[in-house]
Each structure stands twice: as structure tokens, then as C-alpha cells.
Amino acid sequence: FLKWAGGKRQLLARLQARMPQRIGRYFEPFVGGGALFFALNPDDAVLSDGNVRLVRTYWALRNSVEDVIARLRNYPHDKDFFMRLRVMDIDACPDAEVAAWLIYLNRTAFNGLYRVNSRGGFNVPFGRYKIPTICDADNLRACSRALRHARILHKDFEAAVADARTGDFVYLDPPYVPLNATSDFTSYTQEGFGDADQVRLRDVALRLKASGVHVLLSNSGAPRVRELYAHGFEIEEVAATRSINSVAKRRGAVTEFLIR
């Protein structure tokens, strides 16, 4: 239901081919747009993210999807409306309003990008769409059904997977290690996601592996990623097309790593 930077819809077949045939619970602590979760539609899932607005959007879709739909149906594709919505104090609003806000901005902002400044303010300009689909009611209801049996948390990734046990499956899709000094995009939240977080993520993956948990990770093709996962992991290069970037020439095919 969202266009999300680093979304995995195009890589679903490769991700699913690298999963065990049988799993216990499904964990995704960087859920983002949730492409793999929605493709699998597991009976028992734990989803989490550091972006509280995104988490509240998931809560609203699961718990009150008709309220979200009712709001979106009344939102016009209009630049003045977009600018007023963009500067709202959205965090003080109910979950359904947060969800409609985020989905609307995602559908109408430039290139579908979600980005915030250091104060948490959404700062993406109005997009160049002629007739964007602001309210896909059928799809939102389908997402709501898929989320009925999911625990949806706003926790640090390490806390979100603390209950994973032997036979469970954890998919880790963090903000990527930058490919170069000018490509750092970790602004899904005010805090960002730095190298110390990447090291901690690697260590969490090792602990999960030692506990018999199936682990699959995605990250950029940066040399730092290969260095981090040089021992105890299998690294595979895949080509992915990235369509979200403020600089058009940086969109297109890039090398990413799938790590097991």
C-alpha cells in the first residue's frame, strides 16, 4: 500500500527462494512497505519499525481501515492541500488520521519519497503526478485482513526479535549502508541509522543464528557490508532497480547483497 525506498516487491521471488520451506513465526523488524510480509501472508508474525508514524499507519489499517478509507476518499490531489497537510502536527492526531496523512503524502509527494528533517518534519515537495491513486480501498482492506494476526510494534530491531526461537524466520531489511559519501539516506526517522547500528545488527544476526533462527538480510553492495558479514554468513549479489532518488541519474539498477 506504500511506495517505500528500498521496497522489496521486485525481489520477492529471490527472497522467497532463500527462505526455509517451513518456518515458525515470521519476524520483520524493519517492516517498511512490508512487501515480503504481504506476499507470504503468514499466520503468526511480529512486525516492527523505528518510524512511529509508519507503525501507527499499520495499527490503523489493522484496527480501523474503514476510517482510513473514509478520510482518503475526501483528500483532493491539490498542491495547496498537500502543503497544508505536510505541516500538520500529525503526531497529535488519531492513528487513522496519521495513516491517511502518510498514505496521501506517499501517493502525492515527489517520487513517493518519505523523508523527514532533524525535527521530524516531512520535507518532500509536491510530486508531478497527473492522476495519482490516493485511495485504493480494495487493497487497503486486503492489507487489513493480512494484518489481523500480526503483532505490530514500535521497538528497536533488537528488542523486536528478542522472542525469536529455533525454527522462526527473521528478515532484516535495515536502512542501507551508503554506497558513497553523498548517498547516505537514513532519514526515515529523526535518529537515522549509522555504522554502530549496522555493527549491532550483524551481532544480533549472529546471535539469532546461534539460537537456530533462520536469518535473511538485505543491504547495499557497499564494501563495508561485505566486511561486516565476511565471517559466518553467505553473501550473494543481486541486481535491483531503485526508482526513488531525488537525483534522476542515480535511479536504476544497483547491486545489493542478500545475506544468509
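1. Which residues is Leu72 in contact with, leaving aside its neighbours within four places in sequence? In this predicted model, the list is Ala100, Ile103, Tyr104, Ile134, Cys135 and Leu140.

2. Leu72 belongs to the largest nonpolar core, which has 58 residues. Leu72 and Tyr104 touch the most other members of that core. Tyr104 is also one of the contacts of Leu72. There is a second, separate core of 25 residues. Its members include Val170, Leu201, Leu208 and Phe257.

3. In general, nonpolar side chains tend to be buried together in soluble globular proteins.

4. Now helix H5, residues 95–108. The helix has 14 residues, and at 1.5 Å a residue it should span 20 Å.

5. H5 is mostly covered, with 11 of its 14 residues buried. Among them are Ala100, Ile103 and Tyr104, three residues that Leu72 contacts. The buried set also includes Trp101, Leu102, Leu105, Asn106 and Thr108.

6. What do the buried residues of H5 pack against? Their partners are helix H3 (52–73), helix H4 (79–86) and helix H6 (137–146).

7. Ser144 sits in helix H6. Is Ser144 buried or exposed? Its relative accessible area is 7%, under the 20% cut-off, so Ser144 counts as buried. Setting aside neighbours within four places in sequence, Ser144 is in contact with Leu61, Arg62 and Val65.

Note on methods:
Residues are numbered from 1 along each chain as its sequence is written. This is a predicted model: local features need pLDDT of at least 70, side-chain atom pairs count only at pLDDT 80 or more; totals for chains, interfaces and linings use all residues. Side-chain values use heavy atoms; hydrogens and water are left out. A nonpolar core is a set of buried Ala, Val, Leu, Ile, Met, Phe, Trp, Tyr and Cys residues joined through side-chain atoms within 4.5 Å. Buried means under 20% relative accessible area, exposed over 50%, partly exposed in between (1.4 Å probe, protein chains only). Contact means heavy atoms within 4.5 Å. Helices (H or I, at least four residues) and strands (E, at least two) are DSSP runs, numbered from the N terminus. The expected span of a helix is 1.5 Å times one less than its number of residues.
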